Amino acid sequence: MLTAGVLTGSAALPTMSNLAGALTLRAKAGGGPADLREAVELLRTVVAGTPAADARHGGRLLNLGGVLLGYHHATGDSAVLHEACSAFQAAHDAAPEPDTPERREHWVATRSNLGECLRLVHTVTGEAQTLDRAVALARAAAGALPTGHPLYARMQSNLALALVSAAHAGQPEVLAEAAAAARAALAATPGGHPNEPERHTVYAGILRATYASDPDPVLLNQFRRAARGAVRATPAAHPNAGWARLLLGRAEYAHADRSGQEPTAARELFRDTAQDLALPPGVRAVAARHWSLLAFLDPGRLAEAVRAFGLAVALLPQTAGRERAAVDAERLLGEHRHLAADAAACALTAGDPGLALRLLEQGRGVLLSQTLDTWADVTDLAARHPALAAEFTELRGLTRAEPTPAEGSRRASPPPRSAPTWHAAGRRWWTGSAPSRGTRASSRRRRCPSCWRPGGTGRSRW
């Protein structure tokens with residue numbers, strides 16, 4: 001960092017690029033989005049300072065796109081996804097013919113990375129043509145390298161991801177190819193490699209989909225082994241840790257269901273994951289919902305089911321917090337669209353209609369807050385506290401600015417207002433910087449969604 005701060009101009013670009021790489025590795029080891037944000041800003045500067053005729057320009061575009069993809073995985077922000085695709089598309093279009101080993105590596109990387117980015121765009125937009133192109137690019141890249149090549153595992157992993165997305169989109173016939181690619185990626189990944197946890201999780205997820213389409217007991221045993229391997233290979237601080245535990249919980253439930261046993265192991269896994277404060281709220285909410293449903297199936301655990309449903313509903317505001325753009329928040333909330341109704345039904349079964357009503361109102365309040373929190377008449381506040389009113393207006397605009405898609409497939413420059421800015425602004429909002437947190441009207445509006453705590457009374461801290 002000291003060297004990067006001393007050098008100036010083009011002389012600083014290689015050091016800035018190396019620093020961005022180090023920050024990215026630290027983020028994978030548990031450093032979090034802050035390291036990725038810094039890496040993104042460094043690489044934007046590097047790309048902007050590199051002439052298009054420079055032989056390093058294409059590689060630096062790939063680096064920028066890769067870190068932006070990592071930021072998307074860490075935060076769910078689709079705005080950086082558009083920017084990543086722009087960077088990868090520019091690198092793809094400028095890639096020279098693969099007439100030397102070095103150029104072949106670059107050619108392969110541009111296609112694989114662009115394909116992976118388009119796959120992720122498909123998860124947001126649902127466009128079939130985007131996914132078809134992603135699969136074609138991933139196949140081309142994976143087929144261009146021999147088994148022992150250093151990039152072989154990465155290309156196979158990206159192909160596996162593209163194929164399983166195609167399977168989920170209505171092409172189950174590609175699941176066998178996806179599983180083979182995921183196995184090849186794992187076999188070529190040395191122990192302790194930074195991408196080992198992710199590749200274990202990908203393989204387990206593919207086997208889960210395979211078993212769902214063909215409930216063969218042999219496939220179930222493979223799924224359970226793979227899920228256990230994913231949990232073992234994933235450090236507690238890794239971004240995939242919660243998802244690996246969810247996969248193992250699903251594998252244990254499938255085993256219990258098939259063998260006619262009580263799903264005790266699965267329920268406890270979901271319970272512990274839901275209550276782990278170190279995990280992302282979205283993961284905890286999914287775990288809490290699974291926990292609640294398994295507890296509800298046991299007549300002797302109705303009170304536990306009520307607590308679990310209450311936790312799931314209480315996590316919704318953080319699942320789609322203001323650090324996300326509106327389109328991302330709406331998509332995430334859509335994944336839990338029946339949660340409040342299920343929670344209320346559980347409370348009614350437990351003989352508590354008052355709690356059922358509160359859970360319904362709490363779930364509805366999350367949706368209303370997405371709208372109400374973006375509106376405020378700050379006239380009175382501006383008269384008494386002009387600085388606070390100005391900050392509120394700024395945050396209201398930043399946290400509900402929509403992602404700006406790339407203007408044409410070849411544009412690789414960042415949008416005028418970057419997505420990490422929204423993420424930081426959302427954190428400022430939720431930590432109390434916004435003046436609405438202290439106004440009487442805002443307190444009344446927030447009381448219903450936040451005042452009930454599962455298993456007790458008083459304020460919840462979510």
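The structure is a predicted model. Its secondary structure comes to 22 helices and 0 strands. The protein has 462 residues, and buried residues make up 50% of them. Of the contacts with a separation of 6 or more, 61% are between residues 24 or more positions apart.

**The disulfide and the cysteines**

- A search of the whole structure finds 1 disulfide.
- This disulfide is formed by Cys 85 and Cys 117, whose sulfur atoms are 2.4 Å apart.
- Cys 85 belongs to helix H5 (residues 78-94) and Cys 117 to helix H6 (residues 101-125), so the pair ties together parts that are 32 residues apart in sequence.
- The S-S bond of Cys 85 and Cys 117 has a torsion of about -120 degrees, and the disulfide is therefore left-handed.
- Cys 85 and Cys 117 are both buried.
- Another cysteine, Cys 346, has a relative accessibility of 1% and counts as buried, because buried means under 20% relative accessible area.

**Packing of helices H6 and H8**

- Two packed helices are described by the angle between their axes and the distance between the axes.
- For H6 and helix H8 (residues 152-168), the angle is about 30 degrees and the axes are 10 Å apart.
- H6 and H8 are therefore roughly parallel to each other, since angles under 35 degrees count as roughly parallel.
- The crossing of H6 and H8 is left-handed.
- On the H6 side, the contact is made by Val 108, Ser 112, Asn 113, Glu 116 and Arg 119.
- On the H8 side, Arg 154, Met 155, Asn 158, Leu 161, Ala 162 and Ser 165 make the contact.

**Packing of helices H12 and H14**

- Helix H12 (residues 241-259) and helix H14 (residues 281-296) have axes that come within 10 Å and cross at roughly 20 degrees.
- H12 and H14 are therefore roughly parallel to each other.
- Their crossing, that of H12 and H14, is left-handed.
- H12 contributes Gly 242, Trp 243, Leu 246, Arg 250 and Tyr 253 to the contact.
- H14 contributes Val 283, Val 286, Ala 287, His 290 and Leu 294 to the contact.

**Thr 50, in a loop between H3 and H4**

- The loop that holds Thr 50 runs between helix H3 (33-48) and helix H4 (57-75).
- Thr 50 has a relative accessible area of 5% and is buried.
- The side chain of Thr 50 reaches the backbone oxygen of Val 46 at 2.6 Å.
- A polar contact of 2.8 Å joins the side chain of Thr 50 to the side chain of Arg 60.
- Apart from neighbours within four places in sequence, the residues in contact with Thr 50 are Leu 13, Arg 56, His 57 and Arg 60.

- Thr 234 is placed in the loop between helix H11 (217-233) and H12.
- With 8% relative accessibility, Thr 234 counts as buried.
- The backbone oxygen of Ala 230 is reached by the side chain of Thr 234 at 2.5 Å.
- Not counting residues up to four places away in sequence, Thr 234 touches Pro 197, Thr 201, Asn 240, Ala 241 and Ala 244.

**Ala 227, in helix H11**

- Helix H11 contains Ala 227, which counts as buried at 0% relative accessibility.
- Ala 227 lies 16 residues from Trp 243 in sequence, and the two are 10.0 Å apart in space, C-alpha to C-alpha.
- Trp 243 is also one of the H12 residues in the contact with H14.
- Leaving aside neighbours within four places in sequence, Ala 227 is in contact with Ala 204, Leu 247, Leu 248 and Ala 251.

**Gln 129, in helix H7**

- Gln 129 is part of helix H7 (residues 128-142).
- The relative accessible area of Gln 129 is 70%, and this residue is exposed, because exposed means over 50%.
- Gln 129 and Leu 118 are separated by 11 residues in sequence and by 9.8 Å in space, C-alpha to C-alpha.

How values were computed:
Residues numbered from 1 in each chain as written. Predicted model: local features only at pLDDT ≥ 70, side-chain atom pairs only at ≥ 80, totals over all residues. Heavy atoms only, no water. Disulfide = S-S within 2.5 Å. Helix = DSSP H or I, 4+ residues; strand = E, 2+ residues; numbered from the N terminus. Buried < 20%, exposed > 50% of the residue type's maximum accessible area, 1.4 Å probe, protein only. Polar contact = N/O pair within 3.5 Å; in protein donor to acceptor, adjacent residues only side chain to side chain. Contact = heavy atoms within 4.5 Å. Axes fitted to C-alpha atoms, helices over the stretch in contact; angles between N-to-C directions. Parallel < 35°, antiparallel > 145°, perpendicular 65-115°, else oblique. Left-handed = near helix turned anticlockwise from the far one by under 90°.
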